[in-house]
Amino acid sequence: MDRLTQTPSGGDAHAPRLPQAGSGRDDVASGGVLLLVALAYGAGATRIPAQVGEPGPGFMPLTLAVLLAALAIAIIVGGVKNGAGRGAKGNGSSGGAGGVFAAAGRPWFAALATIVFAALFEPLGFVLSTLGYSGYLTSLFTEDRKHRVAVPVFVVTVLFVFFRLALGVRLPTGLLG
Amino acid sequence: MTPDLLLSPELLPFLVGGVLLGIMVGAVPGLTATLAISLLLPLTFQLATAPAIVMMTGIFTGGIYGGSIAAIILRIPGTPASAMTMLDGHAMAQGGRTGLAIALATFSSFVGGVFGGVVLVLFAPQLARVALTFQSPEMFALVVLALVAVATVSPESLLKGTTATVIGLMLATVGIDRLVPVPRYTFTSVDLLVGVPLIPVVIGLFAVAELLHQSGEPAHRGDAPEVGSGRLAALWREVRSVGVGVWVKSPVIGTLVGALPGAGAAMAAFLSYSEAKRSSDAPERFGSGVAEGIVAPESANNAMTGGAFIPMLALGIPGDAVTAVILGGLVMHGVTPGPQLFDQGSVLLGPLFGAYFWSYVLILIFGLALIPLFVRITRIPRAMLFPFIGALAVISAFTSEGTTFAMYLTAAVGVLGFVLRRYGYPLIPVLLGLILGPMLESNFRRSMILSEGDPSVFLRSPVAAVLLLAAAAFPLLVLRRRNSAARP
């Protein structure tokens, strides 16, 4: 089925879905990562030069690091109590594992594409980089070749009219400059 | 004296243009009324003072209202102030009631805006003097209350709401310290010296994170939401279903917060939503598309616009970022805000107050008339909508800061938002932590320095003590309600 038929608000309870939040294992994992972040952030706080007449610039970061560490531990403990062995709830079954895994990878590719878009925005210019980025994003949502060409052209045209002509914002011209 | 609120006909086109531009810009995630007025400021030099003031006022009010449209339709707040509207507004849209959600937001904006305007006209000098009594301890206590309220009322767990708030506060510590010139967590990056910019974070947290979330949603056929018939009748039913308390309290909160220098529309909406949920008979329904969840933040953040004018006009102190830019525009046009402005009569206050009130009438007319157009956006296929949103969001981040660093930041925050959402952490407290973090820290440290390290300074002020007491009681009340609701 072509996802071009989908609307942003559409939904179907029987469709395969990505793992949702809320399981004990998820809480233990996210709490563990937060604990590491708290330790790293706290270590950074200790390097901020001390100020005569505390609380100085390091006071708030140190307080937040301690608070985050405490919260992370509470989340981990809650996750263990909640049954850390249990997997994430909401794993779809009707669509098969392949669909779920394929869907699970797409956000990371989209994130990578966004970073690449940022990197190429000035060297390639607004038109070429936006064509490529919106073209890639379109390919994530539809397999229709005509749409894969038409949508990026439409996006570039509308954004050029809006930013350059309506708001008068200067956009990088890059290779076309 | 009370200024003449009738707007002369030759000023009306400037107001219509300003309101429409404000709505359009506010509805685009990443573009704010501040940006629109900044871009427009050079243009107003060609205009006389009155049309310039009228147009800026229209952009301001239109921009604050316009933020709710993207929040409802796309689950991406057009401005930080509409983040709370997103919760119930988008839930209502997903339930096939997009038109009703926008109509409610429009009507609430009208009510809040008019209320803020009445207070502005009648009590501006008096309220400005009260606002000035809020010193560092009182501001610190107010920020604590706002942070606790939002962390507590998050639909996710209290623990995760608090964690998300702390993450936002951590982001706010990046950059050169405000009181002592010491860089913190800048990693030798010049771009981070001024701190984490707000707009790329808003875009990343909501637009990019939504894009990433949607791209991971496997194929399924979507049901286009219904527009619904009998819009005005349905609107009136919903308006009546909302308790009088919400209709009264929310604009009052918005106006008072607006009158406090630096507090801003986001805090007004956050506080108002939290209070509406706290005092509701069915708080568990918030977030599922209830009318109160739209009325409270929208009437508050639009009432804030009236409140924000109070310290700006009466004292020359801007209430938030937009009024700071408007203040600059007024000064450039030879208007000197201050108490004498009210004493001198209505030569300039008349067009400003008139524009303010009439802008909300226009918002009501345009908002209701354009609902079919807004609803049509929800029917655009994802394959067209999300590539557009993705490109628009990242380019908006670039235009807001003028650097590609903002684009990288947007992408990084988008990944953070996506991961937090997937693991059940609410995103709005992250935003609130980032917005209020600098106020929290600087007011706390300033209070401690002035009191020579004596923490009782926060209890010696009756206002601060009451606010801190409310902050302490808030989670207890909410938890008690949750527990009693969970009991069979």
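This is a predicted model: local features need pLDDT of at least 70, side-chain atom pairs count only at pLDDT 80 or more; totals for chains, interfaces and linings use all residues.
Colleague: What is the mean pLDDT of chain A?

Modeller: For chain A the mean pLDDT is 80, and 74% of its residues reach 70 or more. Residues 1-21 of chain A have a pLDDT below 50, and this stretch has 73 contacts in the model beyond near neighbours in sequence. Residues 87-96 of chain A also stay under 50, with 26 contacts beyond four places in sequence.

Colleague: Which ipTM and pTM does the predictor give the complex?

Modeller: The predictor gives an ipTM of 0.82 and a pTM of 0.78 for the complex.

Colleague: Turning to secondary structure, how many helices and strands are there in chain A?

Modeller: Chain A contains 5 helices and 0 strands. Its pattern along the sequence reads α-α-α-α-α. Chain B, for its part, has 21 helices and 2 strands.

Colleague: How should I read burial, and what percentage of the residues of chain B count as buried?

Modeller: Burial is judged by counting neighbours: a residue is buried if 20 or more other C-beta atoms lie within 10 Å of its own. In chain B, 64% of the 488 residues count as buried. In chain A, 33% of the 177 residues do.

Colleague: What percentage of the contacts in chain B with a separation of 6 or more come from residues 24 or more positions apart?

Modeller: In chain B such residues account for 79% of those contacts. For chain A, among contacts between residues at least 6 apart in sequence, 74% join residues at least 24 apart.

Colleague: How does one describe a pair of packed helices?

Modeller: Two packed helices are described by the angle between their axes and by the distance between the axes. As a case, take helix 3 (residues 49-74) and helix 12 (residues 292-315) of chain B: their axes come within 9 Å and cross at roughly 165°. Helix 3 and helix 12 of chain B are therefore roughly antiparallel to each other, since an angle over 145 degrees counts as such.

Colleague: Which residues of helix 3 of chain B meet helix 12 of chain B?

Modeller: On the helix 3 side they are F60(B), T61(B), I64(B), Y65(B) and S68(B), and they meet E298(B), N301(B), N302(B) and T305(B) in helix 12 of chain B. By class, this contact has 3 nonpolar, 5 polar and 1 charged residues. The crossing of helix 3 and helix 12 of chain B is right-handed.

Colleague: Is the crossing of helix 4 and helix 12 of chain B left-handed or right-handed?

Modeller: Helix 4 of chain B passes helix 12 of chain B in a left-handed crossing. The contact involves M84(B), T85(B), L87(B), D88(B) and G89(B) of helix 4, together with G293(B), I294(B), P297(B) and E298(B) of helix 12. These residues divide into 4 nonpolar, 3 polar and 2 charged. The axes of helix 4 (residues 83-94) and helix 12 of chain B come within 8 Å and cross at roughly 160°. Helix 4 and helix 12 of chain B are therefore roughly antiparallel to each other. E298(B) is listed in the contact with helix 3 and in the contact with helix 4.

Colleague: What is phi of R75(B) near?

Modeller: The general idea is that most residues other than glycine have a negative phi. Phi of R75(B) is near 65°, a positive value in a residue other than glycine. R75(B) lies in the loop between helix 3 and helix 4 of chain B. R75(B) is buried because 22 other C-beta atoms lie within 10 Å.

Colleague: Where is Y185(B) placed?

Modeller: Y185(B) is in the loop between strand 2 (183-184) and helix 8 (198-215) of chain B. Phi of Y185(B) is near 50°, again a positive value in a residue other than glycine. With 19 other C-beta atoms within 10 Å, Y185(B) is partly exposed.

Colleague: Is G402(B) buried or exposed?

Modeller: G402(B) is exposed, with 10 other C-beta atoms within 10 Å. G402(B) sits in the loop between helix 17 (382-401) and helix 18 (404-422) of chain B. From C-alpha to C-alpha, G402(B) and T305(B) are 27 Å apart in space, and they are 97 residues apart in sequence.

Terms used: Residues are numbered from 1 along each chain as its sequence is written. Chains are lettered from A and ligands numbered from 1 in the order in which they are written. Axes are lines fitted to C-alpha atoms, for helices over the stretch in contact, and angles run from 0 to 180 degrees between N-to-C directions. Helices (H or I, at least four residues) and strands (E, at least two) are DSSP runs, numbered from the N terminus. Angles under 35 degrees count as roughly parallel, over 145 as roughly antiparallel, 65 to 115 as roughly perpendicular and the rest as oblique. A crossing is left-handed if the near helix is turned anticlockwise from the far one by less than a right angle, and right-handed if clockwise. Two residues are in contact if their C-beta atoms, placed from the backbone, lie within 7 Å. Ala, Val, Leu, Ile, Met, Phe, Trp, Tyr, Cys and Pro count as nonpolar, Asp, Glu, Lys and Arg as charged, and the others, Gly among them, as polar. A residue is buried if 20 or more other C-beta atoms lie within 10 Å of its own, exposed if 12 or fewer, and partly exposed in between; C-beta atoms are placed from the backbone. pLDDT is the predictor's confidence in each residue, from 0 to 100.
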